[in-house]
Amino acid sequence: SFEVPGKVEFVEVKLGESVSQNQILARLNQRSFELSIQSATAQLEQTRATLADAETSFQRYEQLLKQGVAAQSGYDNAKAAFESSKSAVDVAQAQLDIARKNMQDSQLRAPYDGIITKRLIEPSQQVSSGMPAFEIEGNHGLEVNVLVPESLIQELTQDEQLPVHFPVLPNLEIKGKITEVGTRAESANAF
């Protein structure tokens, strides 16, 4: 799913297509993200200009205070404005960083190698953040949850390899690995 909302501009992959890690799957319309970056850049430049002005004013008051020509309150005000301007620049920089991250997040990339098993979006569709866009079946095996009776749970250990049999395929045996063992009964006395 996309981490940001927007309008789908294009979808690069089809159902059943193989994809590789980091391949672009779809992209949202870039216009609003570009405008956000432009706005954040302008805001950053404006705050930097304000900072430069506040710094000049602060330095001037600092010199005048040393010469005994300026009041302490004027110096304090100039120092506060300077500190405030530094904070405003930091906030504006953070806003620009967020806008850039949102632009990156407007391109949906494959998290790993696999096959598209479900496509849930189309071009021109409005999507919200977190709304499922694709389902990808990875090439890194299957994960299965199995309920085990309490009489057997203590005999199983993490990372143990076991043969796996399927009732519908009696001649097939594959190796399985225990990756997690629960500590609480789920159903009846099964863990």
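Analyst: Start with Glu9 and Arg27. In this predicted model, their side chains meet in a salt bridge, N to O at 2.7 Å. The pair links distant parts of the chain: Glu9 sits in strand E1 and Arg27 in strand E3, 18 residues apart.

User: How do strand E1 and strand E3 pair, parallel or antiparallel?

Analyst: Antiparallel. Strand E1 (residues 6-11) and strand E3 (residues 24-28) pair over 3 bridges. Within that pairing, Val8 stands opposite Leu28 in E3.

User: What strand order does the open sheet have?

Analyst: The order is E4-E3-E1-E6, an open sheet of 4 strands with antiparallel pairing. Strand E4 (107-109) and strand E6 (126-127) are the edge strands, and each pairs on one side only.

User: How many salt bridges does the structure hold?

Analyst: It holds 8 salt bridges. One of them joins Lys118 and Glu135, with the closest N and O atoms 3.9 Å apart. The cut-off is 4 Å, so 3.9 Å still counts.

User: Which elements hold Lys118 and Glu135?

Analyst: Lys118 lies in strand E5 (residues 114-119), Glu135 in strand E7 (residues 134-138). The pair therefore ties together parts that are 17 residues apart in sequence. Lys118 is partly exposed at 38%. Glu135 is partly exposed too, at 39% relative accessibility.

User: Which residue forms a salt bridge with Asp159?

Analyst: Lys177 does. The closest N and O atoms are 3.9 Å apart. Asp159 is in the loop between helix H3 (150-153) and strand E8 (161-166).

User: Where do Asp159 and Lys177 fall on the accessibility scale?

Analyst: On either side of a cut-off. Asp159 has 47% relative accessibility and counts as partly exposed. Lys177 has 51% and counts as exposed, because the class begins over 50%.

Conventions: Residues are numbered from 1 along each chain as its sequence is written. This is a predicted model: local features need pLDDT of at least 70, side-chain atom pairs count only at pLDDT 80 or more; totals for chains, interfaces and linings use all residues. Side-chain values use heavy atoms; hydrogens and water are left out. Two strands pair if DSSP finds at least two bridges between them. Helices (H or I, at least four residues) and strands (E, at least two) are DSSP runs, numbered from the N terminus. Buried means under 20% relative accessible area, exposed over 50%, partly exposed in between (1.4 Å probe, protein chains only).
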